[in-house]
Amino acid sequence: MSTRDTAAKTTTGLSEKGLKAGSVGLIGAVVIGISCIAPAYTLTAALGPTVSEVGVHLPAIFLVGFIPMLLVALGYRELNNAMPDAGTSFTWASRAFGPWLGWMGGWGLIAATIIVLSNLAAVAVDFFYLMLAQIFSNPSLADLTTVLPLNIATTLVFIAGACWISYRGMETTKTFQYVLVAFQLLVLGWFAISAFAHVANGTAFDATAIQADWFNPFAVESFSQFAAGVSLSIFIFWGWDVTLTMNEETKNPEKTPGRAATVTVIAIMVIYMTVSLATLAFAGIGTTGLGAGNPENQGSIFAVLAGPVMGPFAILMSLAILSSSAASLQSTFVSPARTLLSMGHYQALPKSFSKISPTYKSPSYATIAAAIAAAVFYVVTRTLSENALWDTITALGMMICFYYGITALACVWYFRAEVFRSIRNFFFKFLAPLVGGVILLVMFFKTAYDSMDPAYGSGSNIAGLGLVFILGAGVLLLGVILMLIMNWRHPEFFKGQVLSRASQVYNP
């Protein structure tokens, strides 16, 4: 009997999918987690927009964004300890709440990663041409990224390359990531030290003394600004859960993925706080020149500041962001591919999604499907809106809050009978995921409401509705439509015959 048949006949639900077990250790998982978050890429894309919302209180917003991420990560760890399964949000929400909410939890993860895959490829292309301009001392080469047909063609090449590496499995992925992650972290450290040195030497653009008030979230002027800032902050922390989607391929799958998630979140917080403080101290939040609040700098703030801060070594920042986006583009394929694999394995999607490469033991069909979806999404959004990058990043924050929130509450519900058995259970299986999940779902609804305003995000709108809202709500609606189609074509999963709700919680 095949693994798939076993899954179909076992109402307890979980089964292996044919992935290569034991191929990733703790360090490898943390490296892939940091790569997926892509600190160099996420900071250059989100630092400017976040400053435009909250000004010098950027560190406070980072702290607020970090807290729910850490709390949710603790809940993810408990779910993984009980049910190590590559489907993560899809599988765990299905076991806790049933197939319908589980399917939407999986869709939220897939949609978020597809959106960010297109953005990662776009940023990689921008910095690829900027790098060529710097190498050949020809500024006009950087403008090639604005030539739409060439931009789209180059982006598709980047997506195809990342797909090929991911298709070759975790061993190839791990080797690729070690080099690129180490390089981008080295350059970010160089940038931060150089920026602080300029401040100390009196050569900074707008030297600004770091103050304790910067770390106070209550100093933000309005809740809408606070919510917008947190939404963007959540975007830059997002990606650590890739360590959980590798759980069927890690050594000690019950423990390693959860530990890797926690370590990744904490390490990223240290990196972000250091670099953001260096940026604010050097450039200030002014709206002219090199100021971090200048709208002209917000598309990619490091592209503007690298030269003044790092001098002739500025090209290293271009290479770091290029490597960061390229590395993240590749590692980000891990999550949607394994979620699609699990959904196919448990008959929530067509059987073809459950195919495994016999050579590389990777999700073959699902990886290619994710690449095609990312390519189509990029071509459509890039053709429709010049502000697609900004708006999709903001819409991405909505999607992250949605599926993280569902998964965190799934932890609370799944372990409800164990909550009061120990202090540890109360905190890790109830309080932490409950608080984290509620915060993220509140952020989801608040951002969704605010984004209906055409002025939200880039200001683009369709029929009077903000493009950010249309992107976020449209993607969720598409998920509902696809779910109804799958219920019609493959009703077994939605009847609970394949992956049933848990009748008994995990007993350690």
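User: What makes Lys 446 and Asp 450 a salt bridge?

Analyst: Their closest N and O atoms are 3.5 Å apart. A salt bridge requires a side-chain nitrogen of Lys or Arg within 4 Å of a carboxyl oxygen of Asp or Glu, so the pair qualifies. The model is predicted: local features need pLDDT of at least 70, side-chain atom pairs count only at pLDDT 80 or more, and totals for chains, interfaces and linings use all residues. Residues are numbered from 1 along each chain as its sequence is written, and side-chain values use heavy atoms, with hydrogens and water left out.

User: Where do Lys 446 and Asp 450 lie?

Analyst: Both belong to helix 17, 4 residues apart, about one turn of the helix. Helices here are DSSP runs (H or I, at least four residues; strands are E, at least two), numbered from the N terminus.

User: How do you know that Glu 248 and Lys 17 form a salt bridge?

Analyst: The closest N and O atoms of Glu 248 and Lys 17 are 2.5 Å apart, which meets the salt-bridge criterion. The two residues are 231 apart: Glu 248 is in the loop between helix 10 (242–245) and helix 11 (256–283), and Lys 17 is in the loop between helix 1 (3–9) and helix 2 (26–37). Lys 17, Asp 85 and Glu 248 are linked in a network of salt bridges.

User: How many salt bridges does a search of the whole structure find?

Analyst: The search finds 8.

User: Why is the aromatic pair of Phe 90 and Tyr 346 called tilted?

Analyst: It is one of 25 aromatic pairs in the structure. The ring centres of Phe 90 and Tyr 346 are 6.4 Å apart, with 35 degrees between the planes. Rings of Phe, Tyr and Trp (its six-membered ring) pair if their centres lie within 6.5 Å; planes under 30 degrees apart count as stacked, over 60 as edge-to-face and the rest as tilted, so this pair is tilted.

User: Why does Phe 90 count as buried?

Analyst: Its relative accessibility is 0%. Buried means under 20% relative accessible area (exposed over 50%, partly exposed in between; 1.4 Å probe, protein chains only), so Phe 90 is buried. Tyr 346, at 0% relative accessibility, also counts as buried.
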